[in-house]
Amino acid sequence: MKNKLILYPSTFLWIKSDKGLLYNSLTYKLSEFIVSPSVAKLCSVLSKPDNLYSVVIDDMCLDEFEKKFICVITSKHYGTLVKINYNGISYMPLLSIQNRQSKLSYLSSITFYIGGTCLKTDYYKQTIFPVSTTQYLNVDDVVLFIKMFHRSCNIKINLVISDINDSKCLNKILEAFYFIKEDVVLYTLADDVLSTILMKKAIHLGYVFHFIFLGSTLKFDIVNRLKNIGSFNVLIFNESEYSITKNIMLSALISKYDVIPIFRNNVNFFKENVYMDNKSIRAVKLSKREVFAHQSINLNFFGDMFVMPDGRVYSNVNMQPIGTIKNSIHQLITNALKKQQAWLLIRNKGRCKQCVYQWICPSPSNYELVKHRYNLCNIVEAEKLK
Amino acid sequence: MCKLLAMNRFRDIRPYEIENNLVNLRQLVFEVTDACNLKCKYCGYGDLYYGYDKRESKYLSVNKAKLLLNYLSNIWNTSITNEESPLTYISFYGGEPLLNIAFIKEIIAYVENLQLKRNILFSMTTNAMLLDKYMDFLVEKKFSLLISLDGNRRAQSYRVKKTTGENSFDKVISNVKALQAKYPKYFTEHVNFNSVLHNRNSVGGTYSFIKKNFNKETTISELNNSEIREDKLDEYDRTFRNKIESIKNSSNCEALEKKLFLGDPKTNDLLLFLHQYSGNVFKDYASFLVNPEKILSTNTGTCIPFAKKMFVTVNGKILQCERIDHSFSLGSVSENEVHLDVNKIAKIFNKYLAKVRGQCSMCYRKRSCIQCFHYIPDIKSQHPSCLGFMDKKRYDMYCSYCLGHLAKYPELYNKIMTKVRVD
């Protein structure tokens with residue numbers, strides 16, 4: 001008997017050589033299947049938009065692979081099997097972006113690295129962290145730059161201060177950015193804080209502080225001293241630092257803080273705690289919109305810009321600059337949208353391109369850019385061992 | 001439950017959105033004159049309708065237009081736009097705009113001297129009766145020209161000369177042919193047609209006539225169905241022809257539907273349906289970052305003032321569109337100043353939104369509403385009744401209608417998703 005197999009509009013169907021994946025963006029269920037030549041033929045018909053996500057099948061002529069494939073679809077609600085004259089129709093997820101032009105509204109945050117000396121690391125390539133340099137960003141230039149557009153868009157402004165004890169510098173910042181103080185967050189290294197007087201003044205003026213701790217030097221008394229004047233990021237390198245951080249924060253009665261793993265020759269820690277594995281893939285709960293987002297933009301980087309103390313502007317500090325603070329904001333956004341830049345960096349290269357989980361995996365991260373390795377993933381390795 | 005609650009709640013428009021629309025204004029339309037050299041039976045400013053200022057053969061004052069341009073250029077040159085190189089059309093509308101060519105020439109010269117920080121293009125809707133006199137100027141300024149032509153001689157027979165009552169067909173065809181012959185490249189790139197469907201033409205006939213004679217695909221519209229005078233309803237009904245029916249009655253309906261593509265109302269409805277409900281269409285990159293189910297939107301399908309255009313009547317009234325009742329003016333321009341108060345506009349606009357909000361929250365089509373509140377006949381009453389309201393039954397019928405059309409023409413899915421851009 002002939003029937004019609006219809007996939008639901010919420011179901012994504014991906015095939016990479018002999019492996020296929022069905023993912024329902026409403027139920028968040030996913031199922032892998034083997035792509036035999038007969039199943040490949042069915043999928044090929046289903047994947048033609050004109051077929052409206054349906055294929056006619058003949059019960060009498062199905063092989064075991066096809067039967068299994070159809071069984072997965074119907075039993076796990078990726079689609080349905082209906083009579084051939086059934087009128088209901090479906091359509092495959094086919095992305096359409098109406099306007100790809102550069103827009104000011106894309107900008108969501110700018111992080112300014114003010115400059116000055118501090119602990120010398122390159123952690124700023126992985127997360128917001130002060131840079132150590134003798135250069136200083138010209139605060140007047142920054143203010144002029146921000147004034148060009150801040151009234152027309154809703155953006156967050158991060159100011160990363162390398163030397164928090166430079167009271168002259170901090171006072172100048174507090175004065176210069178007062179006109180947009182509601183949108184500003186001041187980042188500094190917590191360990192460097194000698195006095196909180198100036199910070200209390202800043203908070204009184206309406207500024208917000210974000211303190212960065214290194215897990216290796218995290219101490220209860222510093223946490224306790226700063227807990228009422230800002231929020232916290234703790235950078236960790238191993239599991240022991242994570243446990244210590246948890247305990248100290250618990251003792252200080254702090255429930256809201258961010259723990260950020262930092263890569264530094266600690267591959268095993270990353271493999272165990274950061275890399276994607278089968279369990280994390282199965283925990284994915286992405287809507288159709290979010291899957292399409294993964295296919296189009298980098299959700300980690302899109303909308304962010306970084307200005308270094310030399311005035312160069314980046315869409316990601318691990319990549320080439322997109323201009324300088326002297327360029328127009330429109331020009332910078334246009335450059336940020338160029339294919340080789342971070343905002344549109346998606347999993348369309350290397351091993352990811354061959355992977356059936358390509359579009360449900362998170363967008364490429366800074367860790368990958370720092371490691372020069374285009375995926376953080378245990379799945380491929382695990383498959384090799386099978 | 002939370003999702004449902006969010007979808008049943010709506011927000012007001014905010015004054016800054018109107019300011020933002022002024023900064024990013026896409027089209028400024030001047031009603032150059034309310035005079036016309038034709039007297040078309042079904043004209044929106046004619047005998048069949050009410051809801052417009054009395055036609056007194058006036059010309060829009062150049063001074064008023066310049067004041068408004070100064071007002072906008074001040075906004076445009078001091079604010080940053082959303083797009084790097086925004087484009088604004090300055091359009092001339094009537095009556096028949098070419099009757100006031102002096103205004104058009106002076107305003108264009110003025111705009112060219114303003115050094116506006118944006119790309120400016122000029123456009124015009126014309127009945128083509130004076131095209132022979134002014135085509136050189138229109139071509140020189142690269143006008144986007146929209147010519148009103150209903151088809152062959154009989155089809156054009158409602159567009160009669162005001163002075164003699166004679167059919168305008170011969171003059172219009174001769175002028176358009178002359179333009180095509182003298183400036184073939186311009187004609188290909190900048191000239192389009194629009195046609196009105198009525199009881200003396202048909203979709204198929206009009207489409208074929210213009211395709212055959214000018215190799216262009218005309219946009220065919222039904223007679224305006226709002227603000228019809230009570231005493232003219234019979235006449236309106238006699239003149240009116242339904243577009244879907246006209247296509248259905250054509251000798252080769254399926255071929256015509258395919259040729260018309262989005263000109264077919266059913267395909268156009270399908271486009272809207274897929275854009276709103278497929279979950280596959282995104283306005284821009286920023287749309288990926290927003291969950292539409294969690295954000296509050298405004299109710300009805302009414303454009304936020306100046307989101308698409310600004311229309312200035314011959315009397316200096318400022319409206320958000322040329323197709324709405326002049327009593328909905330949002331401001332005005334006098335000989336001395338421009339009166340536009342965004343707070344006041346938002347307040348009045350929100351008052352209308354509030355009137356139908358209850359119905360909107362119950363409506364099954366609220367996510368893809370196309371009902372402009374200006375077209376709700378009793379919108380000025382205490383409890384207006386929305387014509388576009390859909391209960392579940394009506395909404396299910398609407399979905400079946402759209403999807404039924406897709407089932408008939410499955411190839412439309414790929415074409416709509418990959419070839420159509422609506423901005």
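Is B:S57 buried or exposed? B:S57 counts as exposed, because it has 11 C-beta neighbours inside 10 Å and a residue with 12 or fewer is put in that class. This report returns to B:S57 below, after an outline of the model.

## The model and its confidence

The structure is a predicted model. Its scores are ipTM 0.93 and pTM 0.92. In chain B the mean pLDDT is 94, and 98% of the residues reach 70 or more. Residues 1–7 of chain B have a pLDDT below 50. Beyond near neighbours in sequence, that stretch has 5 contacts in the model.

## Chain A as a whole

Chain A has 386 residues, of which 35% are buried. The chain contains 14 helices and 17 strands. Along the principal axes, the C-alpha atoms of chain A fill a box of roughly 85 × 45 × 35 Å.

## A three-stranded sheet in chain A

Chain A holds an open sheet of 3 strands in the order β5-β1-β6, and the pairing is antiparallel. The edge strands are β5 (54–58) and β6 (79–83) of chain A, each of which pairs on one side only. On average, neighbouring strands of this sheet are turned by 30° against each other, with direction ignored.

Strand β1 of chain A covers residues 2–7 and pairs with β5(A) in the antiparallel sense over 5 bridges. In this part of the sheet, A:K2 stands opposite A:D58 of β5(A). Helix α2 of chain A, residues 64–75, lies across β1, β5 and β6 of that chain. The helix runs at about 105° to β6(A).

## Where the chains meet

The contact between the chains takes 32 residues from chain A and 28 residues from chain B. On the side of chain B that touches chain A, the elements giving two or more residues are β9 (281–282), α14 (392–408) and α15 (411–419) of chain B. The largest share, 5 residues, comes from α15(B). Sorted by class, this side of chain B has 13 nonpolar, 8 polar and 7 charged residues.

Strands from the two chains also pair. Strand β7 of chain A, residues 96–97, and β9(B) pair in the parallel sense over 2 bridges. Here A:I97 stands opposite B:F282 in β9(B).

## One helix in chain B

Helix α11 of chain B spans residues 253–260, and its buried residues are B:L256, B:E257 and B:L260. Seen down the axis of α11(B), these buried residues fall within an arc of 100°, so they line one face of the helix. An α-helix has 3.6 residues a turn, so residues three or four places apart point the same way.

What do the buried residues of α11(B) pack against? Their partners are α8 (203–214) and α10 (243–248) of chain B. On the other side of α11(B), B:E254 and B:A255 are exposed. The helix is followed by B:F261, which has a positive phi, near 45°.

## Backbone angles in the loops of chain B

Most residues other than glycine have a negative phi, and most peptide bonds are trans.

B:S57 has a positive phi, near 50°, and is a residue other than glycine. B:S57 lies in the loop between β2 (38–40) and α3 (62–78) of chain B. B:T300, also other than glycine, has a positive phi near 70°. B:T300 is in the loop between β9 and β10 (310–312) of chain B.

The peptide bond from B:G94 to B:G95 is cis, with omega near 20°. B:G95 lies in the loop between β3 (87–93) and α4 (101–114) of chain B.

Methods. Residues are numbered from 1 along each chain as its sequence is written. Chains are lettered from A and ligands numbered from 1 in the order in which they are written. This is a predicted model: local features need pLDDT of at least 70, side-chain atom pairs count only at pLDDT 80 or more; totals for chains, interfaces and linings use all residues. A residue is buried if 20 or more other C-beta atoms lie within 10 Å of its own, exposed if 12 or fewer, and partly exposed in between; C-beta atoms are placed from the backbone. Helices (H or I, at least four residues) and strands (E, at least two) are DSSP runs, numbered from the N terminus. The arc is that of the directions from the helix axis to the C-beta atoms. Two residues are in contact if their C-beta atoms, placed from the backbone, lie within 7 Å. Two strands pair if DSSP finds at least two bridges between them. Axes are lines fitted to C-alpha atoms, for helices over the stretch in contact, and angles run from 0 to 180 degrees between N-to-C directions. Ala, Val, Leu, Ile, Met, Phe, Trp, Tyr, Cys and Pro count as nonpolar, Asp, Glu, Lys and Arg as charged, and the others, Gly among them, as polar. pLDDT is the predictor's confidence in each residue, from 0 to 100.
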